[in-house]
Each structure stands twice: as structure tokens, then as C-alpha cells.
Amino acid sequence: MEGKIIVVTSGKGGVGKTTATASIGAGLAMEGKRVAVVDMDIGLRNLDVVMGLENRIVFNVVDAVKGKCKLAQAAIKDRRINNLFLIPASQSDNKNVLIPEDMVRFGETLKAEYDYILMDCPAGIERGFENSVAAADEALVVCMPEVSSVRDADRVIGLLYARSITPKLIVNRIVPEMVERGDMLSHEDIVDVLSVDLIGLVPMDDNVIVSTNTGNPLVLQKESKAGAAFLRIAMRVNGRTDLPIEVPRAQGKFWKRMGTKFGLGK
Amino acid sequence: MLNGFLKKFLGKSDSKDVAKKRLKFALIYDKLEVSDETLENLHRDIVEVISRYFEIDHDAFKLDIHRSDDLSALVVNTPILSAKHR
Ligand SMILES: Nc1ncnc2c1ncn2[C@@H]1O[C@H](COP(=O)(O)OP(=O)(O)O)[C@@H](O)[C@H]1O
Ligand SMILES: [Mg+2]
């Protein structure tokens, strides 16, 4: 087996990398692929709680990279979604315990074992970022429709291009009402500014917080619009590029929608 | 909708248009920034090239980036002591 390593990154913190990693990882596993999601936020681990697997950590990614345990010992199997595995971050180390060369080597081990490996990158563009992208074949850049987030995405996209990786963009936490009102950058605006290919649009959704409260996978939540959006992104990552990108729409009243349709909304 | 109408009517622009404009400028500006290390390397390389043709005063050699609103210029200034004849 020769798997693919995809880094999920953004530059800025709090834009949805961890949420995206957990959900897209789950989506790929539901597509029948063998998937590992790796928490690279060493010292500040969170992917475990988002996935509801925090009570089952024995070994972590640093142990696995340093050869203190076997890969299989560090990989926690999700019991709700088949073929999904979490490799948690260590909480006691800092990002400098690993170097990019370690990760390139570890990447080969991972690729022999899984179809898809998602690296949940920490915020910033220092060592944690370098370790996360060291072995990456592809990249997903997450940003929010907000000035500072888009600017940071631009910086990260430049760094990825410098490594010959052409990233795909996810715009997360879209509030359709605000976009329609002209108070939030639309995905067209963002793509125009960043000149990068889009892979999915995810609306702001209360279910994201509800699912992290309980540790239940967002993608298994029936009415979650964000969950559904991440599932479509997973399918597109998995080669279903014919799948159209759905634009989040406001729930608004009939007249409001008609207004938008006839260009009166803005 | 009414909100949108009113805004148009009053000639107010959408805040996202302001955001987009500011972003575009910020990104251009960010890309013009040069690190000290790059400047030092450039300094060394330019001195080396000019020295092939001229005797120059190394201490008086000056390299700067001048910025104005819509223009960024690299300004090199060096006194020449003599031309090298070969
Ligand atoms: N689509 C969304 N709708 C609502 N809340 C979201 C959404 N995506 C992320 N969040 C919330 O935003 C916060 C930051 O998300 P997280 O995935 O931890 O970001 P990062 O890993 O980039 O720091 C979390 O509280 C998360 O629940
Ligand atoms: Mg995170």
C-alpha cells in the first residue's frame, strides 16, 4: 500500500483545522479507506477530545516517531467509524522534539499502513508547521471569511508553493446571512484574492460545538450542515472531483431569497 | 433586502468590499517586505559584481528599499574611485 499524506493547515489558529481533520478523516474512512489522523499540535493536543478518544491514549506520535513504541501501539482505533485511527500528540513535549527529517521517515511508515494520513497542523509557521508539511504530498488550507485569516492563508499558501505543493482551499465558518448582507467576504472574493482552487465551503454550525461537547463525530450528526459539507470535501479529496461545491445559503424568508435572486439583496 | 436597498440608496458600501480592498493591499505590501538576511546577501553580490568593473568605496556603498504608496524601488548608491581597465 502506498498512502497519501495530506496536511491540514492555516497559519492562523482557531479557524477549524482540527474540526476539519477529524471530520474529513472520518469521511474518508466512511468511503472505505484506511485512515490515520495525526495530531501534530505537540504540547497542545486537542484532536483526541474532538474525536472523543481522549481516554484511550497510551502512546503518542512522539513515541512512535522516536521508536519508543510501534506505530500500531500509538494508533487508537475509533470504535464508531471503521478504519479510522487517531495518532495523538504528546502533551508534555514541545514542538522542537521532532525535526522534519524524523517526519519524512515516519511518513514512509505511515504510508505503508494507511490509504490516507491527515496531519493536523498547529497554528504558526515555525517548527510545528515544518514538521507537519515535511512528508506531505498534498495540502488543505483552511480559512475563515475574515481579513486576518485570509492574509495568513496567503502566507501559508506561499510557503506550500515553495515546497512544490499546490494546496486546495476550505472556507469554514461561513455565515450566509452576513455574506448576503455584504458584511462578510464571499468565497468568490476569497478565491479572487488568493488565486487558489477551492475544495469546499463549510457554514457556521452550532452542531460543531455540540459534537465537540460530547465527542461524537460531527459527520454522524444527521442534521449538521457542517458535517455534510465536510463529508463532501472528503469525497472530493477521494477523487470525486465531479461532485459540485455547494454554497451555504441563508435560511431566510421567501422574499429575501427572491431578492437575492434578482440581485436586490446586495 | 430592504437593508440592501437602503445601503445602496444612501451610497454606503458593503463592509466586505472594504475588507477585500484592504486585503489586496496588505498582501501586496507583505510580499514587498525583504528580510535583513536577503538584503545583506544582495549587498554582497552587488558589491562583487560592481567591483569587477570599478574600484569602489565599500564603506560608502548604500543599498536601500524606498517605499511610497504605489511604488517600491531598490536604490543603490556607490561612489566610484576608478574604472578598472582590462
Ligand atoms: N463550521 C463551524 N461552525 C461553528 N463552529 C466551528 C466551526 N468550525 C470550527 N468551529 C469552532 O471553532 C473553534 C476552533 O476550531 P478548531 O478546529 O479547534 O480550529 P484550529 O484547529 O484551526 O485551531 C472550535 O471551538 C470549533 O468548535
Ligand atoms: Mg487545532
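**Close-ups of a pocket and its ligand**

Helix H10 of chain A is the top contributor to the lining of the largest pocket, giving four residues. This is a predicted model, where local features need pLDDT of at least 70, side-chain atom pairs count only at pLDDT 80 or more, and totals for chains, interfaces and linings use all residues. Residues are numbered from 1 along each chain as written, chains are lettered from A and ligands numbered from 1 in the order written, and side-chain values use heavy atoms, without hydrogens or water.

**View 1. Here's what lines the largest pocket.** A pocket is an open set of points on a 1 Å grid over the protein atoms alone where a 1.4 Å probe fits, with protein on both sides within 12 Å along at least five of seven lines; lining residues have an atom within 4 Å of a point. H1 (17-30), E7 (168-174) and H10 (206-214) of chain A each bring at least two lining residues. Helices (H or I, at least four residues) and strands (E, at least two) are DSSP runs, numbered from the N terminus.

**View 2. Ligand 1 takes up the space of the largest pocket.** That means more than half of its atoms lie within 2 Å of the pocket's grid points. H1 of chain A gives the most to the shell around ligand 1, with three residues.

View 3. A side-chain N or O atom of A:Lys17 sits 2.8 Å from a ligand 1 oxygen, while a backbone N or O atom of A:Gly16 is 2.9 Å from a ligand 1 oxygen. A:Asn172 puts a polar side-chain atom 2.9 Å from a nitrogen of ligand 1.

How values were computed
A polar contact is a pair of N or O atoms within 3.5 Å; within protein, one must be able to donate a hydrogen and the other to accept it, and residues adjacent in sequence count only if both atoms are side-chain atoms.
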